[in-house]
Amino acid sequence: MDSTHLLSSPLEIQDQTLVDHHNSSIGSSFLQNQTNVPKEFLWPKVDLVNAHQELLEPLVDLERFFRGDELAIQQSAKVIRAACLTHGCFQVINHGVDSHLINAAYYHLNRFFHLPLSHKLRARRATTAGLNTLSYSGAHSDRFSSNLPWKETLTLRVHENPKESSVVDLFKSSLGDDFEEMGITYQKYCEGMKSLALAVMEILAISLGVDRLHYKNYFQDGGSIMRCNYYPPCPEPGLTFGTGPHCDATSLTILHQDEVGGLEIFANNKWQIVRPRQDALVINIGETFTALTNGRYKSCLHRAVVNSERARKSLVYFVCPREDKVVRPPEYLVQGDQLPRAYPDFTWSDFLHFTQNYYRADAHTLHSFIKWLSSSNPIHQNR
Ligand SMILES: C=C1C[C@]23C[C@H]1CC[C@H]2[C@]1(C)CCC[C@@](C)(C(=O)O)[C@H]1[C@@H]3C(=O)O
Ligand SMILES: O=C(O)CCC(=O)C(=O)O
Ligand SMILES: [Fe+2]
């Protein structure tokens, strides 16, 4: 683990904040007007290795799952199992999320990121009574001072089973009445993604040989994080990342990337390109799911590269357990001395808190979190 990433207190994060023009005003116009990459965006050379090969991750057709074709479901589970044991990534087609809804989500994403920066900043950590939050960030420059990502993000955090009105109100109250339509679209997008996530949970359970409904029931009352990524063109794309190498701390990620491409996955000891498919959604195993499988399934190490020609966009839906729920694998995956517990119990709320206040998520977040848990809470030490 790189201990320089481990921050001992929230204050240190504030201390790292960039000053003056970087502080709150990095937006696409700032990034787009650069003729070279400012030093805060330069990533270490060891990380900047290129990917040359295309990932042949499995493409799973969910049509037969939704039709209840048992033989096909078992076959898909087998293919998914192999992918999750090696790199933690697969793609799905005929996934049931309406392509018009995905297009509408991109339409609103574009509209949002083309607003003047002062307007985008109105969505900085806005909150509704239901505790859903909306937050805009330009290159995370308010949180970090080096290895900045060449992107802007809009993050919607949705608590379990939100009422439509709460998400729509959040968009309206932070961005203005003109954003009602955007709120409705993102509410629907999250609903579509949630039902897909529960279907995928069923196949994952089958693939692990645990009770078919185990994970579906577990995530039924869970929340989610929806993120829009906007990656402006970059004058020297080989020096930086749109999103640096990391595993998602969340449970499952359902990602759509636009036709520009840039998502790369670390598999078989090398970085590999995930070619965009308009009709497909990329599914990545996150670290919380790794813990829920007692370390059986690999969380997917991935990154997003930028290019000098075209802005790139992606829509990311992160599946999370209910915040206070204990993250613990089913008994079937823990068997005495042969298969002891790989991680102690924790809650999603604590893990999320760690990533938002103490540690910048990277390739080792779960490992670092467990270490941090045991050092800050002796109860966890011998579990
Ligand atoms: C729990 C989370 C932390 C991040 C958002 C979600 C899932 C992925 C994480 C992230 C994308 C990993 C790379 C670093 C990060 C800061 C980013 O570049 O956006 C991460 C997210 C975050 O803390 O905002
Ligand atoms: O934009 C992408 O393709 C990847 C984004 C990502 O990994 C993330 O937001 O967690
Ligand atoms: Fe990610």
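Student: Over how many bridges do strands E8 and E13 pair?

Tutor: This is a predicted model, in which local features need pLDDT of at least 70 and side-chain atom pairs count only at pLDDT 80 or more, while totals for chains, interfaces and linings use all residues. Residues are numbered from 1 along each chain as its sequence is written, and chains are lettered from A and ligands numbered from 1 in the order in which they are written. Strands (E, at least two residues) and helices (H or I, at least four) are DSSP runs numbered from the N terminus, and two strands pair if DSSP finds at least two bridges between them. E8 and E13 pair in the antiparallel sense, and the number of bridges is two.

Student: Which strands stand at the edges of the sheet, and why is one side of each without a neighbour?

Tutor: Five strands form an open sheet of mixed pairing, in the order E1-E11-E10-E13-E8. Each edge strand has a single partner strand, so one side is left without a neighbour in the sheet; these strands are E1 (53-54) and E8 (243-246).

Student: Which residue in E13 does His246 stand opposite?

Tutor: E8 and E13 are paired strands. The residue of E13 opposite His246 is His302.

Student: Is Arg303 buried or exposed?

Tutor: Arg303 has its place in strand E13. A residue is buried if 20 or more other C-beta atoms, placed from the backbone, lie within 10 Å of its own, and exposed if 12 or fewer do. Because Arg303 has 21 C-beta neighbours inside 10 Å, this residue counts as buried.

Student: Within what arc do the buried residues of helix H6 fall?

Tutor: In H6, the buried residues are Ala105, His108, Leu109, Phe112 and Phe113. The arc is that of the directions from the helix axis to the C-beta atoms. The buried residues line one face of the helix, because seen down the axis of H6 they fall within an arc of 125°.
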